[in-house]
Amino acid sequence: MRQCLSVILLFAILAIGAVPLEPMPQWPAAPAAARLRFLTSIEGPKVAGVNRVGGLLRKLIGLDKAGEVARDRLVQPTGIFVRDGVVYIADPAAQRVLRFDESDGQGTWWPRSRRVEFASPVSVAGSADGRLFVLDSLLRKVFILDPEGRIEGALEGDPQKLGRPAAIAVSDKYVFVSDVQNHRIAVFGLEGTFVHAFGRRGTDQGEFNFPTYLWYDKAAGRLSVTDSGNFRVQWFSPDGVYQGEFGSNGNRPGYLARPRGLARDSEGHVYLSDAAFDAVQIFNEKGRLLLFVGKAGGRPGEFSMPGGIFIDSRARVYVADTYNRRVQVFQYLKEATP
């Protein structure tokens, strides 16, 4: 068996050496100057920097067959949070959160303690003191984890109770939780107690129709909400005061069909994943389409049901490529690069 595997690896290496590798995708496409470039993918605790060589080798020897060799990998990633080069990925199908350190390419599964286990962790966010907040949609709870990954409590005190929570975001004062069933945003203090809620079902300003993903922009001091059933993004002050919106329903680039994860970069651009397009769209502040990124597929820069998005301080864009069982990482280039 080992001899056979060695032969396969040898032929694979020779084949790779004989065929020039294609350049990694960029947007706009070459020869135009790049503003966004694919960097890598994260697939599990020990799968970092996935490239075409590694991908081909794994396919040749069967490492990509689910349930056989590659058992310990992401299953259905949905939510992402990044802090100081450490990526936290919520995976409801794995019932865990992956803590992945980009510096050494190694990851561990949280929670560290098995006294309390997750049932369906779909979203994750962190506070400045190193704690992590994990939303479990099935248990309808937001767990608080210490910097070592141990569960130390949960958000409490909401008189209405969370109906069907979908995502969380954290500011310097609050934890925001989108409640799809009750068409509102519940707001808690960082210590874990309920403060207030805003929103109700409707189509007017400040109303929601199945609010899902959230993004808090610390620099601008505002919360953005994917108002999925109204096919728009709304944004609010930290206290829930309506400030603006954009978006409308449609089946072509520049419109929203099944909007999901969103994030804003340091220049105010809005990144919005869309499960109907299997793509990420980038808009300016007024909702004008700037870039349409990706298409349906499994290669770098392609997506299958993309979910949460996170943009870190290095202008790296992380996208939960849910049905491809990975998180794709891109680099936003503030200056166009040839």
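**Pocket, cavity and an open sheet**

The second largest pocket is lined by 40 residues. Trp215, Tyr216, Phe310, Ile311 and Asp312 lie nearest its centre. Seen by element, two or more lining residues come from each of β3 (79-83), β7 (121-126), β11 (165-170), β15 (211-217), β19 (259-264), β23 (306-311) and β25 (326-337). The model is a predicted one. The volume of this second largest pocket is about 860 Å³.

Rolling a probe the size of a water molecule over the atoms shows where empty space is left. The count comes to one cavity of 30 Å³ or more. The largest cavity has a volume of about 40 Å³. Leu36, Tyr271, Val280, Val293, Phe303, Val317, Val319 and Phe330 form its lining. By class, these eight residues are nonpolar; the lining holds no polar and no charged residues.

The strands β23 and β25, which contribute to the pocket lining, also belong to an open sheet of five strands. Its order is β1-β2-β25-β24-β23, and the pairing is antiparallel. The edges are formed by β1 (26-27) and β23, each of which pairs on one side only.

Methods: Residues numbered from 1 in each chain as written. Predicted model: local features only at pLDDT ≥ 70, side-chain atom pairs only at ≥ 80, totals over all residues. Heavy atoms only, no water. 1 Å grid on protein atoms, 1.4 Å probe; cavity = no way out; pocket = protein on both sides within 12 Å on 5 of 7 lines; lining within 4 Å. Points joined across faces, edges and corners; volume = space filled by probe spheres on them. Helix = DSSP H or I, 4+ residues; strand = E, 2+ residues; numbered from the N terminus. Nonpolar A, V, L, I, M, F, W, Y, C, P; charged D, E, K, R; others polar. Pairing = 2+ DSSP bridges.
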